[in-house]
Amino acid sequence: MLNSFRKLPSQNLGRSIRSFLFFILFYLYLWLQVDPRLIYHGGETITSFPVFFRGWSFFQQFLSYPGGLTEYLSAFLFQFFYIGWAGALVVTLQAWLICACTDYFLKAVNAPRLRWVRFVPPILLLIIYTRYSYHFTTTMALLTALLFVFLYLRLLPKSRLLSMVVFIILSVILYYIAAGAYLLFAALCAVYELLFNHNWRMGLLCLLSAAIIPYIEGALIFGLNIADAFSELLPSSPKIFAYEARKRMVTIVFILYLLLPLTALGLRLWQIPAEKKVKKKPRHKSTKPGAKILSWYTGVPLLRWAVESCLLFVIAGTVVFSAQDNELKTLLEVDYYAYHRMWPQILEAYHRHPNSFFIVNAVNRALYYTGRLSSNMFSYPQHPDTLFLTSKRHISAFWKKADVYIDLGVMNMAESALIESMIRLKERPQILKRLAFISMVKADSGAARVYLGALSKTLFHADWANNYLAKIESDPNLSTDDQIQHLRDMMMETDYGFTNYVPERILLALLQKNRYNRMAFEYLMAWHLLTGQLDKFVQNLDRLDDFDYPGIPRNYEEAILIYEVLTGSKVDLKGRQITQSTYQRARGFSDISNRLHGSNQVTAMQATAPYFGDTYFFYYNFGHLTTAE
Amino acid sequence: MKRHYYLFWLCAIVMSLATLSYFFLHPSIPIIDEYISVNKMPVIRPDYTDTVIPPNIAPLNFVVKEQGMQYYLKIHSAKGNNIDVFSKTGRIEIPIGQWRKLLNINRGSKIYFDIYTKDKISRWVRLKTITNSIANEDIDSYLVYRKILPVHSNWSQMGIYQRNLENFDESTILDNRFHGGICLNCHTFYNNRPDKMLIGIRSKKYGSSALLVEDRTVNKIGTKFTYVSWHPTGRLAAYSSNKVHQFFHSARNEVRDVIDMDSILLYYLVDSKTVKTSPNISKKQRLETYPTWSPDGRYLYFCSAPMLWSDRNNVPPERYDEVKYDLLRISYDLKSDKWGELETVLSTKDTGLSILEPRISPDGRWLLFCMCSYGSFPIHHQDSDLYLMDLSAQHTGQFEYRRLQINSNQSESWHSWSSNSRWIVFSSRRRNGLFTRSYLSYVDKAGKVYKPILLPQKDPLFYDSCLKTYSVPELVTKPVQVTGEKLARVIRSSRKIPTRLPITMATPKAGVIPEPWEERE
């Protein structure tokens, strides 16, 4: 007795140190490896971004339906993902609380050997975040339900009547706070009362209330439809299942919800036959060597602690690292860099996932801004659809398209794309910022004020908004804002009605408005090169005079040579010269092509790629074979 | 015992915080015995100055856009106690009880807003008094509108809401958040009464239909209703069925535009549950839309334009910007269910503009309508304005009409009359070119339309960050009683009143339910 009394504090200390280490690593992994800023940014992958605005009127909306308070709190906390370390801290705290509640419940059902289960939810949470999926609201609802289980077990009065009253009060409150997650609370209370506390009346009340409370409170009082009344905030909610993007990793959330009830149920099923055995036959000390080792092992607490800790970290590490989705991470990174105009980082990140049209689209922008689009674009796998994401498959990539449109000066297209984006992705600050900016470029200060007004109520973008609101107040024309003035100079003025985006028409209209719109020019030429319209490319070569290129850009030289070979005519370069190195590349490419004449296209492509893969010669001949996404 | 101890301290802290915040947020009204007067009208937002206000309207909360350390507002009228409001920020929130009382006992009188600001040297400055008039006639107590983000092609958050105009309560009639993203179209009431209404629904999942609400009974009619007008007897509803397409503008300030590639007028007989039409309102080469009944039920007014294209799938069609609608009317005899001959009420040849959205005041005297440069969707036309036609003054076969002074340089569009014909509500983008808001205007017996007031909100800065647009505002006398849950249940239900369209001149493609214009082919 005395021995065990001495052991207890050291065991607890050991557990605490292990937990502390676990959550320190958990936090560091989230912060440095996952990077919550990418989840906040979300690109167009995370469609359930929770919008948060400061102020009573925004908060009030959440009071009108069950689960609103959890949604509000989740929306508030999720904003901290904007700052990497703060987002990681929020998730770590959430995981720690879930872990602590799980531990408390396992203690309450007298399952000391199963207390390692408390680390399962944090590991599952890590998987969710490692795969860059958003289930923060659902897991907050889970946490709320577990906190109420903790409260119930803590408050549990001895009087049966009083426990029923406590349960009913907690149920009514919890359903209002966390809607469908209340079912988890009812289930855990029922399992506890029926199987461990042997209070079958209370257990039945728990089960009955799981059916009645959502119906009365959700459907009758708050007017939700039956399905929503029972599933709101649960992973089974139609709000998740109606959208393909939101279903990612929902299985893990289901496991999170089912873990504790199933563990308790399994434990009880295992305990019943074990108890019978104990009654039949008293246990004798085993003399087998294995048992001796086990006995020695359990008798050395430090060793046991070290082995168990290592096991935990190895399992957690293996699970989490094997769950990594590097392709998605790269996509989100590139989107993040493109939004923040971090061009060198895009070109660096490209190599991690080169086959995405989205990434090549961003790469083209980065090449333009680093002055390399006209000379280096074929160093990357191009396709006619990468420049403007024009194919039907990318019809919903509004967010990505909008940035290209803004840069070019096609403000209406950008506005339309961003509003579509806002309808799909809600009023994200990144979208509001760009819409405000477009309104300012269009000199629609009224609309800009509304967007800026909304932004000024966000947590982390208010300064930007207030700064522009002050600017509009003092200088409605924004004449001192160079970026806005520059875009006004570029902005398209020819109006016509359309339903489909025709790049050539728009780019020519932009150049008609301002012949010095360099991006419109380079994108027009790139479009002609990508679509193989060399006659149109050559027709626009005269526009080189409008810009300060030192010579003819490399890819243009290559295209000119192809055109001359195909048509047999000489292009008037107005005194410009094609460089010797381009002639050499042309000869080299021609030699290899002649050598491989007769062999199939794929063989020819493979033989040519190492030497000429970055040339327009290569793209023109083999581009159609290399650009599958 | 320990728990009670904690509880006691928790309660004590909460009460202390509540008391402190009360005194912080509601500082006592200062006594202003000395001030200087300046000859300057105060700038307030929203602009609630020099206008006529309904005697039953919610407080017109506003922000004083003048420099000041503190602000004081005194509201007074001929009778009753003054209302004093004090603010440190310039946000004026008027106490609703005192406001309602003051308005009610001063119907037909003037109401004055005296605004004082405290300058940097702690001196009170009194600005010129704002004067408004209180109308004698109430506005219908409820406004029903649709709130939606500025939609382009898709929608996800959309709802029909009702606002109690006597206070700030807003409740949901139907929200698509919980119903699989259906599109909620126009809502139409019978004689400003909420117990009989139609709501148009479009949904991939549940199909296109109309919800017919009669008292608390809801039925789904299995055909698409676009613009609807109830006959004054409530026994039939005329409606248009439009093949609506959206397209975009490359450089115009308003990006969106909408065109009816084809449209037709039909009518639904409530008792017999049948849909009918007449050759004069469903001409093959014309686009008929926006039906509205005269209050005596003898005429159906509507808009009609020649169809300028043969390819009905090419959007936008060529010459889309030349389509202009005339305002026509046709007589109707309910007893015999017979339609008369078409009459042109106002021709685009005379106006040079497209005439749209006609609505007749319930007393039958005034016809309010929009005109814009082309097309059928005035909300997307910056040049769309409101016009008023006097139906009692016909000279040489023409009704007199005039452009209203209340128009702005932005789009004015959808409008509705109150049941007593003294108030109109209309949509306008006058605050900015994108977000539509609802405005209320008084119309006197002579047809003078007074400066509009923006639908008041509790938070006077509400519209400065409101990303939703308010469309299809309709005035009703009472709240809609049917619940959103019930409406949603009917939407989801497979039960519907089958409709057989009266025009069957072609065999529809197998398995495809034809739109009315396809039937007409």
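Two strands count as paired here if DSSP finds at least two bridges between them. Helices (H or I, at least four residues) and strands (E, at least two) are DSSP runs, numbered from the N terminus. With that in hand, strand β16 (residues 209-214) and strand β17 (residues 217-221) of chain B pair in the antiparallel sense over 5 bridges.

This is a predicted model, in which local features need pLDDT of at least 70, side-chain atom pairs count only at pLDDT 80 or more, and totals for chains, interfaces and linings use all residues. Residues are numbered from 1 along each chain as its sequence is written, while chains are lettered from A and ligands numbered from 1 in the order in which they are written.

**Where the two chains meet**

- Chain A puts 34 residues into its contact with chain B, and chain B puts in 37; two residues are in contact if their C-beta atoms, placed from the backbone, lie within 7 Å.
- On the chain A side, at least two residues each come from α22 (411-425), α24 (445-455), β1 (497-498) and α27 (503-513).
- The largest share of that side belongs to α22(A), with 8 residues.
- Sorted by class, the chain A side has 13 nonpolar, 10 polar and 11 charged residues. Here Ala, Val, Leu, Ile, Met, Phe, Trp, Tyr, Cys and Pro count as nonpolar, Asp, Glu, Lys and Arg as charged, and the others, Gly among them, as polar.
- Phe498(A) has Phe248(B) as its bridge partner in β19(B).

**Two helix pairs in chain A**

- Let's start with α27(A), which packs against helix α28 (residues 518-531) of chain A at an angle of about 150°, with the axes 9 Å apart. Axes are lines fitted to C-alpha atoms, for helices over the stretch in contact, and angles run from 0 to 180 degrees between N-to-C directions.
- That angle is why α27(A) counts as roughly antiparallel to α28(A). The naming goes like this: under 35 degrees is roughly parallel, over 145 roughly antiparallel, 65 to 115 roughly perpendicular, and the rest oblique.
- The crossing of α27(A) and α28(A) is left-handed. A crossing gets that name if the near helix is turned anticlockwise from the far one by less than a right angle, and is right-handed if clockwise.
- Residues making this contact include Leu507(A) and Leu511(A) from α27(A), plus Phe521(A) and Trp527(A) from α28(A).
- By class, the contact of α27(A) with α28(A) has 10 nonpolar residues, no polar ones and 1 charged.
- Next up, helix α4 (residues 68-78) and helix α7 (residues 136-155) of chain A pack at about 120°, their axes 9 Å apart.
- That angle makes α4(A) oblique to α7(A), and the two cross in a right-handed way.
- Among the residues in touch are Leu73(A) and Phe78(A) of α4(A), with Phe136(A) and Met140(A) of α7(A).
- The contact of α4(A) with α7(A) splits into 5 nonpolar, 4 polar and 1 charged residues.

**The domains of chain B**

- Chain B has domain 1 (36-134) and domain 2 (142-492); the bounds come from an automatic or database domain assignment.
- The centres of these two domains of chain B, taken over C-alpha atoms, are 35 Å apart.
- Their contact draws 19 residues from domain 1 and 16 residues from domain 2 of chain B.
- β3 (52-53), β4 (62-64) and β7 (91-92) of chain B each give at least two residues to the domain 1 side.
- That domain 1 side has 13 nonpolar, 3 polar and 3 charged residues.

**Sheets in chain B**

- One open, antiparallel sheet has 4 strands in the order β14-β15-β16-β17 (chain B).
- Its edge strands are β14 (183-190) and β17 of chain B, each pairing on one side only, and the twist averages 20° from one strand to the next.
- β16(B) and β17(B) form a hairpin with 2 residues between them, and Asp215(B) in the turn has a positive phi of about 55°.
- Within this pair, Ala210(B) stands opposite Ile221(B) in β17(B).
- Helix α4 (residues 484-492) of chain B lies across β15 (193-202), β16 and β17 of chain B, at about 30° to β17(B).
- Another open, antiparallel sheet has 4 strands in the order β13-β12-β11-β34 (chain B).
- β13 (170-175) and β34 (469-476) of chain B are at its edges with a single partner strand each, so one side of each is left without a neighbour in the sheet.
- In this sheet, strand β11 (residues 142-148) of chain B pairs with β34(B) in the antiparallel sense over 6 bridges, and Lys147(B) has Tyr470(B) as its bridge partner in β34(B).
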